[in-house]
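Take a look at the model below.

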Amino acid sequence: MVQKILLTIWMAVIIVAAFLYTEAAVGFPGQTSRILFFHVPQSWVATLSFLVSMAASVVYLAKRKLKADHVAQSAAELGFLFCILATVTGSIFAKATWGSFWNWDPRETSIVILLTIYGAYFALRSAISDPDRCRVLAAVYSILAFVTVPFLVFVVPRITASLHPENTMNPANPGMDPRTLTVFLGSLFAYTALYLWMLRLRIRILNLESLKVRDLFRGRGGGNPKTENEQPRMKGGRAQ
Amino acid sequence: MKEGLTFVMAVNLIIWCGIALYLFILDKRIKALETSMKEKE
Amino acid sequence: MPQTKSVKRTTRTESSTYLNEAIAIWFRDMRSEFRTRYALNAILMFAVTTLIAVSFAIGSFRIDESERPFLYAVLLWIILTFSALSGLSRSFVKEEEAGTIDVLKLSARPQAVFLGKLLFNLSLLGALGVVIVPTFILLMAYQINFPVFFTTMIITGCLGLGAGTTIIAAMIARASGRGALFSVLSLPLLLPLMITCIKGCERAAIGYDSAGWPEVKIAVAYVIIMITMSLFLFSLVWEE
């Protein structure tokens, strides 16, 4: 609990620092460089989440533990969320810096492809009715999609760079200014911690839901403490 | 420029406080459900 | 589920190898396809219609000579990819519709089924390539300076199209909304391949100093990785 309060304060400090404590970077127009304190950690979290989802998918396929599938699904949902955030903030930055919302430079392309992968994952999950098969297929797809990522990382920069040389983004240099660097790293840490918190919450929700379903099948009631009868039940449904 | 920055920062802070509040409330509710589930076991 | 793998099949002689079974499936699919020509018609009709539309629309405008290599590469690969997406799911969907899935599961090992279906898909793609690519080049007056590079790019690209989509076809065979789901799931996986092939064809047309054919190497790597991963994951998709 304490950590969560600390995280809240920490993120608030980062927000303040991003605007008041640091100086705007020189190469960018106006104050636009400040968005990188938020945009880069978001895309980092989106990619990290994809990795987590893939790893959990592997665990699920190997061991068929339901909780692993919950991790995979939660990570996919959160990854999708942060991917959207990263795309939007990146697009805003692009508009301010280069004048158009979308330029298909390497980083933008990669984040959009990640977005389509997440979208396809959810389309798959919602199209398969049998729950076990749904989990297996989603896990397989997660792994297949992950395998194409190295191609994106190596291929896309080589190809798009030669097509549009003037648009390669260069946000990987916040190390210019020590203040900027500290705030950037602090933001990275804050976003990762926030992600882990949200991930755990989502996993717990999914775990609870599956417990509820299991209890329903075993005839022990829906689990809602308000509406359930308080009569003592026989533990008949549970195998001893 | 500085006034504009403070405004944007304030908006960000308010949004963040809203998010954090939501997460805390969600956390409490989940904990309540978890303990009630455990009690039934 | 793991038990199926460790059960020794005593009823079958050990003389049938993966390749034999795969080729048997391939030839059987070819024969049945030759009778109905359903998938082939779907693919070719789509490709020819798109090609006519493109040629008609573009032919009346004067596209600048310098833009042509790239634009034509893009159009060609759009035609090829979307034609593939319209027809390649047939390999598994027709089994599902005809009710022959169970017999297929009994008669061959999963990897052999995958290989057989892959060979079938590649044959369809081969027919597609042979018909569409020369027609495209003639209709659009596509000037190609490195024909060997170009042909190799087309061949490896089509191999990639098949390699990336066959396992997806198996995954969606029983889902609702099969056609759309197949495209939605395949596109994120095919995007890196498409980007590479477009670039490669553009280079082949212009005649950049493309010593070493980097795009072909990337496409070959893609094919190898996708086929390997599909072989690993296919039994999970195939068995229940």
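Is C:Asp29 buried or exposed? C:Asp29 is buried, because its relative accessible area is 0%. Here buried means under 20% relative accessible area, exposed means over 50%, and partly exposed lies in between (1.4 Å probe, protein chains only).

This is a predicted model, in which local features need pLDDT of at least 70, side-chain atom pairs count only at pLDDT 80 or more, and totals for chains, interfaces and linings use all residues. Residues are numbered from 1 along each chain as its sequence is written, chains are lettered from A and ligands numbered from 1 in the order in which they are written, and side-chain values use heavy atoms, with hydrogens and water left out.

Side chains of opposite charge can pair when their charged atoms come close. A salt bridge is a side-chain nitrogen of Lys or Arg within 4 Å of a carboxyl oxygen of Asp or Glu. The structure holds 19 of them over all chains.

| Salt bridge | Distance |
|---|---|
| C:Lys94 and C:Asp29 | 3.3 Å |
| C:Glu95 and C:Lys117 | 2.6 Å |
| A:Arg214 and A:Asp215 | 3.7 Å |
| A:Arg204 and B:Asp27 | 3.3 Å |

Start with C:Lys94 and C:Asp29, which meet in a salt bridge. C:Lys94 lies in helix α5 (residues 90–98) and C:Asp29 in helix α2 (residues 18–36) of chain C, so the pair ties together parts that are 65 residues apart in sequence. C:Lys94 is buried too, at 15% relative accessible area.

Next come C:Glu95 and C:Lys117, also paired by a salt bridge. C:Glu95 sits in helix α5 and C:Lys117 in helix α7 (residues 110–140) of chain C, so this pair links parts 22 residues apart in sequence. C:Glu95 is buried at 1%, and C:Lys117 is buried at 0%.

**The build of chain C**

Chain C has 10 helices and zero strands. Helices (H or I, at least four residues) and strands (E, at least two) are DSSP runs, numbered from the N terminus. The C-alpha trace spans about 65 × 35 × 30 Å along its principal axes. Of the 240 residues of chain C, 49% count as buried.

**Where chain A meets its neighbours**

Contact means heavy atoms within 4.5 Å. By that rule, 29 residues of chain A are in contact with 32 residues of chain C. The two chains bury about 2,700 Å² between them, 80% of it on carbon and sulfur atoms. Buried area is the accessible area (1.4 Å probe) that two parts lose on being put together, summed over both. How many salt bridges lie between chain A and chain C? The count is zero. On the chain A side, α4 (106–127), α5 (131–147) and α6 (149–163) each give two or more residues. Helix α5(A) gives the most, with nine residues.

Now turn to chain B. Here 21 residues of chain B are in contact with 29 residues of chain A. Chain B and chain A bury about 2,600 Å² between them, 72% of it on carbon and sulfur atoms. Three salt bridges are found across this interface. A:Arg204 and B:Asp27 form a salt bridge.
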